[in-house]
Structure formats: C-alpha cells, structure tokens
Amino acid sequence: MKEIYPWNQTAWQQLQAQRQAGRLAHAYLFQGPSGIGKQDLADAFAASLLCQQPAADGTACGQCGACQQFEAGTHPDALSLVPEPGKTQIRIDPVRQLTARLGLKSHQGGFKVARIEGAHRLNTAAANSLLKTLEEPTDNTVLVLITDQPSRLLATIRSRCQGLRLVPPPAALARDWLAARVGEGDADLLLALADGAPLTALALAEGEHLTQRRAWFDQWQALIDGRQDAVAVAADWAGEAGTAPLEWMSQWLMDLIRLQQGETAIRNPDLLEPMQDMTEDMDPVTLHNLLEQVWQALRLAATPVNRQALIEDLLIAWTAAGRPRRRRKRA
Ligand SMILES: [Zn+2]
C-alpha cells in the first residue's frame, strides 16, 4: 500500500474527515512542489475510497479483493491518466475515454476514482472536455487532479476543484526522515540539492546520481579553465537520456548568481569553494544570459531538436564566459 508520509498526514486527515461527514468534493486539486508525495497521497486516497474494509483512520486494508485489484492496476473503478512518456501535453482522446468511463455505473457499487497526474499538461481541448465532467459530476465520483504548476491550469478548472495545498516538511522532519533511510552522512546535502523535497532527495541517493553530478560539474569547471573542449563535453551530455546535465547546469548558474549577490545559502553547498572561485571573474549579465539560455535549451530539449547542437552552443558560450578567469589564472 502507498505510504502516507508524515508531512502529508494533516491533508490525509482532512480528506478522511470529509469522507466521514459525507462531504467529499467531486474534484480535488492536489498542488505543491514535486518530490513531496502528492501522487502517493492521491493513490492512497483512491485506494482508501475503493477498499471494502478500510481501517479506522481510513487507510486501505491492502488485503481485500478491491485492494488487490487496485495494487495490480486492474480495479475497474480506479482510473488514472498520466502524460505519455516524451509528450508534453495530455490530449483530448484519453480525457474523453476517462470521462466516458466515469459516466458509467460503478462496477463494484462504490466510488469511481480518477487521478490525473501532471494536470497542467492538459491541452485546451482536453481541459474543456474535462470541464464538462466537472460541471455535471455523477454520483460517487471523485476526481483528483495533481500538479506542481497550478497556475498553468485553466481558471475554470481550478475553480471547480477543491484545492489541497501540500507543502514540503519542516527541515528537521525532512532530515530525520531521510537520515533514517540513507544514513546521516549525505542527508543534509541531499536535501539541499532537492530544495527540501524528501522524495527527490531519496531518489538522488539511489544509484549513481551524486557521482554522475560530480563528474558533470568537473567537466563544467574544466571548460571555463580551458582544460576541456565544449564539443566533446556536449557530445557526452547529449548522449544522456534525459536533461539532467542541463538541469544541474541551471542550478549551478543560479548558485553562482546567489554567491555574487552575497548569499551563501546555496543549493549545491558541497561545491561552495569551487563556485566561489568561479564567481570572481564572472560578469553578472553574462551569468543571467547563460541561465536564460539553459532554460531555453531545457524547453527545446522536450521538442525534436538537434540536442548536440543545442548543448554545444550552450557550452561554447559558457567556455567564452571563462575568458577573464583564464587570464587571471595565467597571470
Ligand atoms: Zn481493502
């Protein structure tokens, strides 16, 4: 069964209190930053509504036929919509299929629950199609929209959902929770890198993410020191399946900007020393321009583009920004 994280307990109790009072909303909007368990909460809520013998606090039993079907992803009254891999939008066809199924009688005589992940990705036609269902909800139907970018949803959709705002846990709680899973050593660094989102921090701890990030940073530093070639590094980065090197680059640039502005609380505290050294010769306007360029590249990377050329342009610009630094180091 999905874990209900300690920091989401208040929201959970609020949902269960509404259920017990027979005052569930037809549609909810779970909103909050990524990495804090919005999806898990939505799953636990759906399982709780479908379970045939939920516990006193509302949690699904995990044993009954409904729970087993839910876990297997075969429960006929549990519907969910996720953005297709590699697609930036949720299109109208899957929304139509979902709303058609919501309009039918429940298979097991109870609730029908639909979860829409990344709801801000609904395109206009899909959003308008969903709006009809929100305006004329059928009995015992609960829709849960999930997003980390609520402002990108149509206002008419937002206004028809009951908003449930989820927030990252207080720092001490996040730290204790994470340290119990990854050990004391890296917990602080991981949480800083994840901007306080515990599940993002936990995901970073798994696999080779930290080692990989450090290797990319070393390449990035070598570029402005003139020890590496932008084209070669770009080929390496473009070979990555996702956009992780570019996302890290945007974080590093933001940290350089923070350091230039005299802030010392940065997202990459383990890189404080090399970054402080980098800021010395960096022109603030150049840094802002580079950051804009990375954001642009991240937007374009989701479309069919020549990734190699895109990243090359970026790293050539970054290498050029290191000219005053190289002059200083030679002097
Ligand atoms: Zn159950």
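**View 1. The tetrahedral zinc site.** With angles of 104 to 117 degrees among its four donor atoms, the site of the zinc ion is tetrahedral, a label given to four donors if all angles lie between 85 and 135 degrees. For comparison, the ideal angle for four tetrahedral donors at a metal is 109.5 degrees. The protein donors, lying 2.3 Å from the zinc ion, are Cys 51 (SG), Cys 61 (SG), Cys 64 (SG) and Cys 67 (SG); donors here are N, O and S atoms within 2.8 Å of the metal (3.2 Å for Na, K and Ca), and because water is not among the atoms, sites may look incomplete. This is a predicted model, in which local features need pLDDT of at least 70 and side-chain atom pairs count only at pLDDT 80 or more, while totals for chains, interfaces and linings use all residues. Residues are numbered from 1 along each chain as its sequence is written, and side-chain values use heavy atoms, with hydrogens and water left out.

View 2. Along the chain, the donors of the zinc ion follow the spacing C-x9-C-x2-C-x2-C. Cys 51 lies in the loop between helix H2 (38–50) and helix H3 (65–72), whereas Cys 67 lies in helix H3, so the pair ties together parts that are 16 residues apart in sequence; helices are DSSP runs (H or I, at least four residues), numbered from the N terminus. Cys 51 is buried, with a relative accessible area of 6%, and Cys 67 is also buried, at 1%, where buried means under 20% relative accessible area, exposed over 50%, and partly exposed in between (1.4 Å probe, protein chains only).

View 3. The domain assignment of the chain, which is automatic or from a database, gives domain 1 (6–165), domain 2 (170–206) and domain 3 (210–330). The C-alpha centres of domain 1 and domain 2 lie 28 Å apart, and the contact (heavy atoms within 4.5 Å) takes seven residues from domain 1 and six residues from domain 2. Between them, these two domains bury about 530 Å², 80% of it on carbon and sulfur atoms; buried area is the accessible area (1.4 Å probe) that two parts lose on being put together, summed over both. In domain 1, the residues that lose the most area to domain 2 are Pro 6, Trp 7 and Gly 35, together 76% of what that side buries.

**View 4. Ala 232 and Leu 315.** Ala 232 is found in helix H11 (residues 230–238) and counts as partly exposed, at 43% relative accessibility. The C-alpha atoms of Ala 232 and Leu 315 are separated by 9.9 Å, although these residues are 83 residues apart along the chain.

Conventions:
Tetrahedral: all angles 85-135°; square planar, octahedral: opposite > 155°, others 65-115°. Helix = DSSP H or I, 4+ residues; strand = E, 2+ residues; numbered from the N terminus.
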